Each structure stands twice: as C-alpha cells, then as structure tokens.
Amino acid sequence: MTYVVKGECVDCKHTTCVKVCPVDCFFELENTLVIDPAICIDCAICEPECPVDAIVSDRKLAPEDQHWLDFNKDYSPSGGKINPPVITKVKDPMPTYEEAAKRTADEQWSKVSRIPFKEIT
Ligand code: SF4
Ligand code: SF4
C-alpha cells in the first residue's frame with residue numbers, strides 16, 4: 001500500500017508535504033512530485049499537509065485517477081524509467097500554482113512532465 005501524488009500537484013509543487021515524510025520518499029520532476037511506492041510506509045502523515053489535496057491513499061484512489069498510481073510507480077527511482085532527485089526540504093511553489101489550481105483533470109494529465117527536476121545553477 002502507498003500514497004499517491006495526483007494531478008493537483010502539476011505546475012504547483014507547494015512542497016509542504018515533503019518535510020513530514022519519515023522515510024524521504026518524495027521525488028521531484030520538473031513540474032510535479034511523485035511518491036516512490038517501494039519506499040512509502042503508508043503512514044498517512046503527508047496527506048493533510050497538501051493544500052490542494054493532491055495526496056491520497058491508493059486504497060481511496062478514484063477509478064478515474066488510477067493512472068496517477070502508475071505514474072508515481074513508473075517515474076519514481078524504483079520504476080526504473082528515470083532517476084529523479086529526492087526532495088526533503090520545502091521550497092517556494094511554482095509561479096504557476098494559482099493557474100494550475102483551475103485546471104481540469106485532463107489538463108493536469110496533459111501537462112505533467114516526465115523529466116527529472118534539475119537545479120539551475
Ligand atoms: S503539498 Fe501537494 S501540491 Fe504541494 S508538492 Fe506536495 S503533493 Fe504537490
Ligand atoms: S504516506 Fe508516509 S511514508 Fe508515504 S509519502 Fe506520505 S509521509 Fe511518506
């Protein structure tokens with residue numbers, strides 16, 4: 001069992017969820033986070049931390065949101081497709097977070113990036 005980051009996180013990334021995770025299982029893509037199900041201990045602490053309700057247990061995932069479970073699995077380090085960096089510290093949300101909050105589920109899915117986050121130095 002695992003928790004899942006859904007489309008509300010896309011182009012948002014408030015990151016308030018990451019500071020409470022006891023096992024550091026949030027990973028960062030360009031415009032969203034994912035939870036690695038191979039690491040998540042299903043403790044539920046992160047769920048109320050997300051201001052846009054992007055985090056949900058896989059047991060409560062609506063049928064129309066099942067693809068987000070696969071997305072979190074596939075694009076976490078354990079999924080083997082990419083190797084995104086772990087994120088454990090809160091940072092500013094993306095400048096697009098207000099606009100992102102108005103999107104439909106289809107728009108969220110069409111805009112999610114599959115590229116690991118890279119710090120610009
Ligand atoms: S708090 Fe919610 S929207 Fe913010 S980064 Fe975590 S999952 Fe994404
Ligand atoms: S349920 Fe617990 S272990 Fe899983 S991502 Fe949330 S805080 Fe981390």
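**Reading a predicted fold with two ligands**

Modeller: Asp42 counts as exposed, because it has 11 C-beta neighbours inside 10 Å. The scale calls a residue buried if 20 or more other C-beta atoms, placed from the backbone, lie within 10 Å of its own, exposed if 12 or fewer, and partly exposed in between. The model is predicted: local features need pLDDT of at least 70 and side-chain atom pairs count only at pLDDT 80 or more, whereas totals for chains, interfaces and linings use all residues. Residues are numbered from 1 along each chain as its sequence is written, while chains are lettered from A and ligands numbered from 1 in the order in which they are written.

Colleague: How many helices and strands does the protein chain have?

Modeller: Such elements are DSSP runs numbered from the N terminus, with helices (H or I) of at least four residues and strands (E) of at least two. The protein chain has 4 strands and 3 helices, arranged from the N terminus as β-β-β-β-α-α-α. Asp42 is placed in the loop between S3 and S4.

Colleague: Which value of phi does Asp42 have?

Modeller: Asp42 has a positive phi near 65 degrees, although it is a residue other than glycine. Lys13, which is not a glycine, also has a positive phi, of about 50 degrees. Lys13 belongs to the loop between S1 and S2, and it counts as buried because 26 C-beta neighbours lie inside 10 Å.

Colleague: What is the radius of gyration of the protein chain, and what would a compact globule have?

Modeller: The radius is taken over C-alpha atoms, and the globule rule is 2.2 Å times the number of residues to the power 0.38. For 121 residues, a compact globule would have a value near 14 Å, and the 13 Å of the protein chain agrees with this. The C-alpha trace spans about 35 × 30 × 30 Å along its principal axes. Of the 121 residues, 34% count as buried.

Colleague: Which residues of the largest nonpolar core touch the most other members?

Modeller: In soluble globular proteins, nonpolar side chains tend to be buried together. A nonpolar core is a set of buried Ala, Val, Leu, Ile, Met, Phe, Trp, Tyr and Cys residues joined through C-beta atoms within 7 Å. The largest one here has 26 residues, of which Val5, Phe26, Leu33, Val34, Ile35 and Ile55 touch the most other members. At least two residues of this core come from each of S1 (3-5), S2 (26-28), S3 (33-35) and H1 (66-74).

Colleague: Where do the buried residues of H1 pack?

Modeller: Two residues are in contact if their C-beta atoms, placed from the backbone, lie within 7 Å. The buried residues of H1 are Trp68, Phe71, Asn72 and Lys73, and they pack against S1 and S3. Among contacts between residues at least 6 apart in sequence, 81% join residues at least 24 apart.

Colleague: Which residues come nearest to ligand 1?

Modeller: A residue is near a molecule if its C-beta atom, placed from the backbone, lies within 6 Å of it. Around ligand 1 there are 15 residues, and Cys9, His14, Cys17, Cys50 and Ala54 come nearest. Ala, Val, Leu, Ile, Met, Phe, Trp, Tyr, Cys and Pro count as nonpolar, Asp, Glu, Lys and Arg as charged, and the others, Gly among them, as polar. By class, this shell has 9 nonpolar, 3 polar and 3 charged residues. Around ligand 2 there are 13 residues, of which Tyr3, Cys21, Cys40, Cys43 and Cys46 come nearest. The shell of ligand 2 has 12 nonpolar residues, 1 charged residue and no polar ones.

Colleague: Why does Cys17 count as buried?

Modeller: Cys17 counts as buried because it has 25 C-beta neighbours inside 10 Å. Cys17 sits in the loop between S1 and S2. Its C-alpha atom is 5.7 Å from that of Cys50, which is 33 residues away in sequence. Not counting residues up to four places away in sequence, Cys17 touches Phe26, Cys46, Glu49, Cys50 and Ile55. With the same exclusion, the contacts of Phe26 include Cys17, Cys21 and Val86.

Colleague: Which residues does Lys111 touch, not counting residues up to four places away in sequence?

Modeller: With those residues left out, Lys111 touches Val10 and Asp11. Lys111 is part of H3 (residues 105-111), and its C-alpha atom is 7.2 Å from that of Val10, 101 residues away along the chain. Lys111 counts as partly exposed because 15 C-beta neighbours lie inside 10 Å.
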